[in-house]
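Here is a short report on one protein chain. Keep the sequence and the 3D view side by side as you read.

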Amino acid sequence: LSVVVDKEGNEQVVVVPVKARAGYLNHYEDIDNYAELPTFQLPLPEVYSNETHRVFQIEGDSMLPMPPGAYVLTRYVENWQYIKDGRTYVVVSKSEGIVYKRVVNDIEHNFALNLQSDNKIYPEIQLNVDDIMEVWEAVGFISFQLPDPEQNQLSVDQLAHAVLKLQTEVDKIKTTIKHPK
């Protein structure tokens, strides 16, 4: 695993923004590639200096309510046997690229990780261990989209209205099927 250190030899946290993903995947073993990415130190007690951390910017809506564009702070997972079911990880793979998902560890039985989206419209992905390049456990995130409780939760009245509207549409379809013009 390549890391970046400062002049004093302190390991830096590397940031992988969305626009740098292709370079990260194509040159992940090239230390010079990491030197071109933004780096910083994070002096927080939750970020242990004896661990390797990286920040990945996520995109898309597969992990809502995590907003697209958020930055996920991760720690490197050296031994994949210790991946905990139901936790979120950034997985770097040859076929899927860089994805942030909830993981079920199936390495012992099927030599694979099952990646699940929190947004249930997305199907589960099964990755064979031969396809996986790196695994990073999510430990926190930074977002510049502050939550708006009005947008994230429908009221009971809004839900009732939506169900009534759907029922009306279904009744119209049934009528059209029974009595075509």
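Two residues are in contact when heavy atoms of theirs lie within 4.5 Å of each other. Keep that cut-off in mind for Tyr100. Tyr100 touches Ile58, Met63, Met66, Val72, Thr88, Tyr89, Val90 and Ala138, with residues up to four places away in sequence not counted. The model is predicted.

**The chain as a whole**

The chain has 181 residues, and buried residues make up 36% of them. Its secondary structure comes to five helices and nine strands. From the N terminus, the elements run β-α-α-β-β-β-β-β-α-β-β-β-α-α. Take the contacts with a separation of 6 or more: 59% of them join residues 24 or more positions apart. The accessible surface is about 12,000 Å². Carbon and sulfur atoms account for 54% of that surface.

**The nonpolar cores**

In soluble globular proteins, nonpolar side chains tend to be buried together. What does the search for such groups give here? The largest nonpolar core has 19 residues. Those with the most contacts inside this core are Val16, Tyr24, Phe56, Val92, Ile98 and Tyr100. Strands β1 (13–16), β5, β6 (97–106) and β9 each supply at least two residues of the core. The largest share, three residues, comes from β9. A second, separate core has 15 residues, including Trp80, Val99, Leu113 and Leu115.

**A closer look at Ile132**

Find Ile132 in strand β9. Is Ile132 buried or exposed? Its relative accessibility is 7%, so Ile132 counts as buried, since buried means under 20%. Which residues does Ile132 contact, leaving aside neighbours within four places in sequence? They are Trp80, Val91, Val92, Ser93, Leu113 and Leu127. Ser93 is 39 residues from Ile132 along the chain, yet their C-alpha atoms are separated by 4.3 Å.

**Salt bridges**

Side chains of opposite charge can pair when their charged atoms come close. How many salt bridges does a search of the whole structure find? The count is five. The table lists three of them.

| Pair | Closest N to O distance |
|---|---|
| Glu137 and Arg87 | 3.0 Å |
| Lys172 and Glu169 | 4.0 Å |

Arg75 lies in strand β4 (residues 71–76), and Glu51 lies in the loop between β2 (39–40) and β3 (53–57), so the pair ties together parts that are 24 residues apart in sequence. Glu51 has 24% relative accessibility and counts as partly exposed.

Next comes the salt bridge of Glu137 with Arg87. This pair links distant parts of the chain, 50 residues apart. Glu137 is in strand β9 (residues 132–142), while Arg87 is in the loop between β4 and β5 (88–93). Glu137 is buried, with a relative accessible area of 6%. Arg87, at 35% relative accessibility, counts as partly exposed.

Then look at the salt bridge between Lys172 and Glu169. Both residues lie in helix α5 (residues 156–178). They are three residues apart, about one turn of the helix. Glu169 counts as partly exposed, at 39% relative accessibility.

Terms used
Residues numbered from 1 in each chain as written. Predicted model: local features only at pLDDT ≥ 70, side-chain atom pairs only at ≥ 80, totals over all residues. Heavy atoms only, no water. Salt bridge = Lys/Arg side-chain N within 4 Å of Asp/Glu carboxyl O. Helix = DSSP H or I, 4+ residues; strand = E, 2+ residues; numbered from the N terminus. Buried < 20%, exposed > 50% of the residue type's maximum accessible area, 1.4 Å probe, protein only. Core = buried A, V, L, I, M, F, W, Y, C linked by side-chain atoms within 4.5 Å. Areas by Shrake-Rupley, 256 points an atom, 1.4 Å probe, with all protein chains shown as cover.
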